Amino acid sequence: MTDPDDLRARVAGELQRARSRSLLLTDAVDDADLVRQHSRLMSPLVWDLAHIGNQEEIWLVRDAGGREPVRADLDELYDAFKHPRADRPALPLLGPAAARSYVRDVRDHVLDVLDTAPLEGRELVTDAFVFGMVVQHEQQHDETMLATHQLRVGDPVLAAVPPPPGRPVSGEVLVPAGPFTMGTDFEPWALDNERPAHRVHVAAFRIDAAPVTNAEYEAFIRDGGYTDERWWAPDGWAHVRAAGLTGPGHWGPDGTYTRFGRTEPRIPDEPVVHVCWYEADAYARWAGKRLPSEAEWEKAARWDPATGRSRRYPWGDDDPTVEHANLGQRHLSPAPVGAYPAGVSPLGVHQLVGDVWEWTSSVFTGYPGFRAFPYREYSEVFFGPEYRVLRGGSFGTDAAACRGTFRNWDYPIRRQIFAGFRCARDVDDDERS
Ligand code: AVJ
Ligand code: FE
């Protein structure tokens with residue numbers, strides 16, 4: 001059992017870390033940029049900021065704390081289900097100064113609640129879970145705001161050290177047939193869709209040892225991949241032509257890409273990013289492979305052949321450090337393949353966590369025995385065939401919102417998120433042993 005005061009200190013530290021990041025992302029631009037909509041797919045940054053505060057008020061000030069509302073009148077404005085992103089700029093939103101002061105007020109109340117919160121108790125999870133959920137909510141919106149920064153036009157305003165160098169990694173890793181434990185009952189901050197733990201039988205398969213790189217993806221384009229219907233799912237073919245796609249998002253002519261306002265030569269051994277599910281699916285077919293299912297991805301990431309146990313992360317049960325994975329906006333790009341030898345899985349698969357979200361072939365559904373917690377709108381209302389699951393987190397994902405069990409989802413046409421992929425392949429009967 002963790003001492004409640006240690007847990008309190010840890011929660012306070014995580015809340016502070018998330019807030020520093022939110023402020024970094026919103027203080028980096030001027031007020032005109034904060035209220036502007038940089039893409040119809042995204043909210044104005046000032047909406048994200050106040051929405052973070054409003055969710056924190058609802059879950060921690062009112063629900064966990066039992067306190068009076070700070071600003072009950074804001075609930076409607078910042079309810080993501082009431083207003084699609086495209087409509088948010090037209091709302092009577094709090095301006096930059098008012099939004100900043102609102103999130104500060106809410107946070108003051110929350111730290112007060114945290115001082116006396118029992119942080120233990122409930123049936124499914126402890127009270128600390130609600131704090132963990134709010135930390136993850138802020139970090140998830142911070143990643144969304146980072147994606148908005150990528151769509152923003154103008155001079156660069158973000159800076160970071162470059163990622164560590166790569167080393168050659170290629171080929172595939174055989175994952176033998178057999179059951180493994182998918183999902184979790186133990187991970188304290190796991191969200192409802194990661195629960196419960198359940199056994200899944202997975203047939204033998206091969207998975208790429210590293211994510212698909214820019215150089216590999218360029219070969220697909222050079223081979224006419226975007227104009228050859230054979231490689232595309234029917235809906236994907238319709239989309240690629242209607243949208244006029246010719247390569248990943250933010251790629252320019254002459255081998256460049258633009259990220260966070262800087263145009264640079266593409267790095268060949270860096271994982272490709274800003275591709276939609278249809279592009280990943282088409283590449284895989286062209287390569288004679290397919291996308292891994294979610295269960296395959298998680299088995300490759302968590303299953304330890306020595307013990308048969310599922311680990312928290314590919315490298316073991318320890319929380320991520322900068323040696324393990326490219327997470328948390330420490331760098332402003334994916335790292336080249338082979339850059340994280342300390343993060344490799346027991347079977348030898350690299351960079352499953354961090355760098356780029358990885359598209360899987362799976363649609364988003366609840367695990368057997370799923371129970372919505374603490375609200376249906378986090379996951380359950382998204383279950384269904386229209387969303388594909390992504391795994392592993394990106395360079396923009398904070399460790400607080402990233403685990404071997406963590407599930408993300410988006411529409412198959414979307415590529416504003418930091419998404420790439422790796423491929424998998426069935427094992428032929430004569431190869432099985
Ligand atoms: C899990 C990233 C798809 O951003 O829509 C934020 C996370 N849920 N606020 C999203 C979320 C409510 C969610 N994703
Ligand atoms: Fe939200």
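The UniProt annotation "binding site", from an unreviewed entry, covers His51, His137 and His141. UniProt positions follow the numbering used here, feature names are shortened, and annotations may be inferred rather than shown by experiment.

A quick word on what is being looked at. This is a predicted model, in which local features need pLDDT of at least 70, side-chain atom pairs count only at pLDDT 80 or more, and totals for chains, interfaces and linings use all residues. Residues are numbered from 1 along each chain as its sequence is written, while chains are lettered from A and ligands numbered from 1 in the order in which they are written. The pLDDT is the predictor's confidence in each residue, from 0 to 100. Here the protein averages 95, and 97% of the residues score at least 70. For the complex, the predictor gives an ipTM of 0.99 and a pTM of 0.97.

Back to the histidines. Is His141 buried or exposed? A residue is buried if 20 or more other C-beta atoms lie within 10 Å of its own, exposed if 12 or fewer, and partly exposed in between, with C-beta atoms placed from the backbone. His141 has 23 C-beta neighbours inside 10 Å, so His141 counts as buried. His137 has 19 such neighbours, so His137 counts as partly exposed. Not counting residues up to four places away in sequence, His141 touches Asp48, His51 and Ile52; a contact means that the C-beta atoms of two residues, placed from the backbone, lie within 7 Å.

Two of these histidines turn up again around ligand 1. The residues around that ligand are His137, Gln140, His141, Thr144, Tyr378, Asn408 and Trp409, where a residue is near a molecule or strand if its C-beta atom, placed from the backbone, lies within 6 Å of it. The elements giving two or more residues to this shell are α5 and β9, and the largest share, four residues, comes from α5.

UniProt also places a "binding site" feature (unreviewed entry) at Arg85, Ala86, Asp87, Arg88, Asp410 and Arg414. Arg85 sits in the loop between α3 (45–64) and α4 (96–116). With 16 C-beta neighbours inside 10 Å, Arg85 counts as partly exposed. Leaving aside neighbours within four places in sequence, Arg85 is in contact with Leu41, Met42 and Ser43. Arg414 is found in the loop between β9 (407–410) and β10 (419–420), and with 17 C-beta neighbours inside 10 Å, Arg414 counts as partly exposed too.

Zooming out, the domain assignment gives domain 1 (4–151) and domain 2 (172–214 + 242–432); such bounds come from an automatic or database domain assignment. Taken over C-alpha atoms, 26 Å separate the centres of domain 1 and domain 2. Their contact takes 25 residues from domain 1 and 17 residues from domain 2. On the side of domain 1 that touches domain 2, α1 (4–27) and α5 each supply at least two residues. The largest share of that side, 16 residues, comes from α5.

What about the inside? A nonpolar core is a set of buried Ala, Val, Leu, Ile, Met, Phe, Trp, Tyr and Cys residues joined through C-beta atoms within 7 Å. The largest one has 97 residues, and Val46, Ala50, Ala280, Phe418 and Ala419 touch the most other members. Helix α5 (residues 128–151) gives this core its largest share, 10 residues. Domain 1 and domain 2 both contribute residues, so the core lies between them. Leaving aside neighbours within four places in sequence, Ala419 is in contact with Val273, Val275, Val356, Trp357, Trp359 and Leu390.

Finally, a couple of alanines in loops. Ala177 lies between β1 (172–175) and β2 (178–182) and is exposed, with 11 other C-beta atoms within 10 Å. The contacts of Ala177, aside from neighbours within four places in sequence, are Val202, Ala203 and Ala204. Ala204 has its place in the loop between β3 (198–202) and β4 (205–208) and is partly exposed, with 16 other C-beta atoms within 10 Å. Although 224 residues apart in sequence, Ala204 and Asp428 are 9.1 Å apart in space, C-alpha to C-alpha.
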